[in-house]
Amino acid sequence: MAYYCGIKTSNMKIINEEKYPWLVVRSAYSTGEDNDFLTNDAIQNAVKELEQRENLVYTTDGVHTAYLRNVDHSQFSENSVYNHEMPTKVASTAFDELSSASVLRVLYHDPRLLKLVSAIVGKTLYLSDDPLGCCSVNVFRPHFHHSFHFDESEFSVTLMLQTAEDPSSGLFQYTNPLRTHDNHDLALEATATALHLYDRKGLKGKELSENTSFRNSGDSGSEHPSLHTLDFQPGTLLVLAGSKSLHRVTEIRGKRSRLVAVLTFASRPGFSNSAAVQTMFWGRSLRPTKNVHDQLEPPVVKQQ
Ligand SMILES: O=C(O)CCC(=O)C(=O)O
Ligand SMILES: [Fe+2]
């Protein structure tokens, strides 16, 4: 019997795949039950900064498709999931609105975080050059929600800072990866099926044209994308392949705002969200410049 790092290697299942299917499919990883990636001091500090800014941040209140792209009736039918729009209401603090001493800015620029996320996803990653969206904070006030979508950004580290008052609301839900690494792969059929399974209310009886597997095999077919709900407590860190996994945040109930920091990473240098996505979430667009991360603390050189 061989043991490796305390994990027994045999035919038995080591990972509780029912409970942690995302560990198997590798679309999302979280610090899970320990919920302690951030210290309480850091959480309190970040929440305090957000409370001071909360009422100033831009709120988006409109519709978007799962792909966060413009509808295209010349290439996709009226009933294509590509053209299916869903409502979202969420506010977000852009990177350039965070103070330079903000714990989130400092964390984003900490090389240990980049190293950690690169190790988790198994490739060299780079900070995003998006001057607004590289590191932002979502503010979900009561009744806000974010409909199903794929991010433009390849990987996001999200950190729960403050949950909604009603623990059954403001849930982060995500599918296994539906799209491949190729950005042109829209996974129309799997996406349409997921919406039929998990967002029937939003479809209001509409049949999406790509939804063939749903029509052919009913609700419980094994090929259907499953939906996972993250145990997302203050301090929990999630690494999400957001451009491949369809995900959403359910409506917030109760008086307290749900606050989640979103730190983004890319497998190539120079990534930025499109101007359209920036405008959707921060009400303006700002293209990357060479000095986005100029406020980086100079490296500490130890004297020998
Ligand atoms: O607030 C969250 O948990 C993540 C929201 C989200 O999907 C996003 O900001 O793209
Ligand atoms: Fe997202």
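In helix H5, the buried residues are Leu188, Ala190, Thr191, Ala192, Thr193, Ala194, Leu195 and His196. A residue is buried if 20 or more other C-beta atoms, placed from the backbone, lie within 10 Å of its own. The model is predicted: local features need pLDDT of at least 70, side-chain atom pairs count only at pLDDT 80 or more, and totals for chains, interfaces and linings use all residues. Residues are numbered from 1 along each chain as its sequence is written, while chains are lettered from A and ligands numbered from 1 in the order in which they are written.

**Fold**
- The protein has eight helices and 14 strands; these are DSSP runs numbered from the N terminus, with helices (H or I) of at least four residues and strands (E) of at least two.
- Of its 304 residues, 40% count as buried.
- Helix H5 spans residues 188-198 and has eight of its 11 residues buried, so the rest of the structure largely encloses it.

**Strand pairing** (at least two DSSP bridges between two strands)
- Strands E4 (residues 58-64) and E5 (residues 86-93) run antiparallel, joined by seven bridges.
- Tyr58 has Ser92 in E5 as its bridge partner.
- E5 also runs antiparallel to strand E7 (residues 135-140), through three bridges.
- Val139 in E7 stands opposite Ala91.

**Ligand 1**
- Asn138, His146, Asp151, Thr158, Phe172, His247, Val249, Val260 and Val262 surround ligand 1, where near means a C-beta atom, placed from the backbone, within 6 Å.
- Strands E13 (245-249) and E14 (258-266) each supply at least two residues of this shell.

Definitions and conventions. A residue is buried if 20 or more other C-beta atoms lie within 10 Å of its own, exposed if 12 or fewer, and partly exposed in between; C-beta atoms are placed from the backbone.
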